[in-house]
Amino acid sequence: MGEMNQNLQELSKSLLGLHVKDVFKKNKEDLKLRELSGDEKEHIKKLYQELEQQVNEFVNKTKETNENTVQAKDEKPKKTRTTLRDKVRKKK
C-alpha cells in the first residue's frame, strides 16, 4: 500500500508540474515573474509539509477504518436464543 501511495504522489507531482508549465507557456507574454524571498520559500515549504502530513494522516485513518470494518465483518455475531422461560426469569 505504501508503494502505491508513493507512485500516486510522484504521478500527481509530475502532472502538476506539466500543468504549471502549460500555464506558463500560455501566459508567457503577460507573465512577469519575480523572485521569492527566503521567507516566502520557507512558508511555501512549510505549507507543503503540513498538507502532506494531513493527507498521510487521512489515508492512514481511512486504512484503519477499512481494516476495522473488514475485521468486524469477519467476526460472526453470537446468536443468543431467548425463550419465554428466560424472559420470565429476567423479569423476576
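Student: What volume does the largest pocket have?
Tutor: The largest pocket comes to about 240 Å³. Keep in mind that this is a predicted model.

Student: Which residues line the largest pocket?
Tutor: The lining consists of Asn5, Gln9, Ser12, Lys13, Leu16, Tyr48, Leu51, Glu52, Val55, Asn56 and Val59.

Student: And which helices supply at least two residues of that lining?
Tutor: Helix H1 (2–26) and helix H2 (38–74) each do. The largest share is from H2, with six residues.

Student: How do the lining residues divide into nonpolar, polar and charged?
Tutor: Five are nonpolar, four are polar and two are charged.

Student: Take Glu52, then. Where is Glu52 found?
Tutor: Glu52 belongs to helix H2, and it is one of the residues lining the largest pocket.

Student: Why does Glu52 count as partly exposed?
Tutor: Its relative accessibility is 28%.

Student: How many residues apart in sequence are Glu52 and Gln9, and what is the spacing in space?
Tutor: In sequence they are 43 residues apart, and C-alpha to C-alpha they are 9.7 Å apart in space. Gln9 also lines the largest pocket.

Student: Different topic: the surface. Which residues form the nonpolar patch?
Tutor: Met4, Leu8, Leu11, Leu15 and Leu18 form it, and together they have about 510 Å² of accessible area.

Student: Is Leu18 buried or exposed?
Tutor: Leu18 counts as exposed, because its relative accessibility is 54% and the cut-off for exposed is over 50%. Leu18 sits in helix H1.

Student: What about the whole chain, what does its secondary structure come to?
Tutor: There are three helices and zero strands. Read from the N terminus, the order of elements is α-α-α.

Student: What percentage of the residues is buried?
Tutor: Of the 92 residues in the chain, buried ones make up 0%.

Student: And what does the accessible surface of the chain come to?
Tutor: About 9,800 Å², with 55% of that belonging to carbon and sulfur atoms.

How values were computed:
Residues numbered from 1 in each chain as written. Predicted model: local features only at pLDDT ≥ 70, side-chain atom pairs only at ≥ 80, totals over all residues. Heavy atoms only, no water. 1 Å grid on protein atoms, 1.4 Å probe; cavity = no way out; pocket = protein on both sides within 12 Å on 5 of 7 lines; lining within 4 Å. Points joined across faces, edges and corners; volume = space filled by probe spheres on them. Helix = DSSP H or I, 4+ residues; strand = E, 2+ residues; numbered from the N terminus. Nonpolar A, V, L, I, M, F, W, Y, C, P; charged D, E, K, R; others polar. Patch = residues over 30% accessible without salt bridge, like charges linked within 9 Å, V, L, I, M, F, W, Y side chains within 5 Å. Areas by Shrake-Rupley, 256 points an atom, 1.4 Å probe, with all protein chains shown as cover. Salt bridge = Lys/Arg side-chain N within 4 Å of Asp/Glu carboxyl O. Buried < 20%, exposed > 50% of the residue type's maximum accessible area, 1.4 Å probe, protein only.
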